[in-house]
Amino acid sequence: MGISFAEAEKWNVPLAFDGIHFTEAGHRAFAEGLYTYLTK
């Protein structure tokens, strides 16, 4: 079907104390991982 998949679990995204939400560094890591994935 031509659907892409990005494995975000490999981007080492730090989570907040609740284990669900990203920390500030986590948002940065996710954005960088997504940018890299989308521009390759």
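Which residues are exposed on the other side of H1? They are Glu 24, Tyr 35 and Leu 38, where exposed means over 50% relative accessible area, buried under 20%, and partly exposed in between (1.4 Å probe, protein chains only). The model is a predicted one, so local features need pLDDT of at least 70 and side-chain atom pairs count only at pLDDT 80 or more, while totals for chains, interfaces and linings use all residues. Residues are numbered from 1 along each chain as its sequence is written, and side-chain values use heavy atoms, with hydrogens and water left out.

Of the 40 residues, 10% count as buried. The accessible surface comes to about 3,600 Å², and 60% of that belongs to carbon and sulfur atoms (areas by the Shrake-Rupley method with a 1.4 Å probe; for residues, only the protein chains shown count as cover).

Now for the helix itself. H1 takes in residues 24-39, 16 residues in total, and reaches 23 Å from its first C-alpha to its last, close to the 22 Å expected at 1.5 Å a residue (the expected span being 1.5 Å times one less than the number of residues). The buried residues of H1 are Gly 26, Ala 29 and Gly 33. They sit on the same side of H1 because they cover an arc of only 65° around the axis, the arc being that of the directions from the helix axis to the C-beta atoms.

Next come the rings. Rings of Phe, Tyr and Trp (its six-membered ring) pair if their centres lie within 6.5 Å; planes under 30 degrees apart count as stacked, over 60 as edge-to-face and the rest as tilted. By this rule there are two aromatic pairs. Trp 11 and Phe 30 make an edge-to-face pair, at 5.5 Å centre to centre and 65° between the planes. This pair ties together distant parts of the chain, with Trp 11 in the segment before H1 and Phe 30 in helix H1, 19 residues apart. Phe 22 and Phe 30 have ring centres 5.4 Å apart and planes at 40°, so that pair is tilted. Put together, ring pairs link Trp 11, Phe 22 and Phe 30 into a cluster. Phe 30 counts as partly exposed at 29% relative accessibility, and Phe 22 is partly exposed too, at 30%.

That leaves the charged side chains. The structure holds two salt bridges, each a side-chain nitrogen of Lys or Arg within 4 Å of a carboxyl oxygen of Asp or Glu. One joins Glu 7 and Lys 10 at 3.6 Å, N to O. Glu 7 is partly exposed at 37%, whereas Lys 10 is exposed at 58%. The other joins Glu 24 and Arg 28 at 3.5 Å, N to O. Glu 24 and Arg 28 are four residues apart in helix H1, so about one helical turn separates them. Glu 24 is exposed, with a relative accessible area of 62%, and Arg 28 is partly exposed, with 47%.

Note on methods
Helix = DSSP H or I, 4+ residues; strand = E, 2+ residues; numbered from the N terminus.
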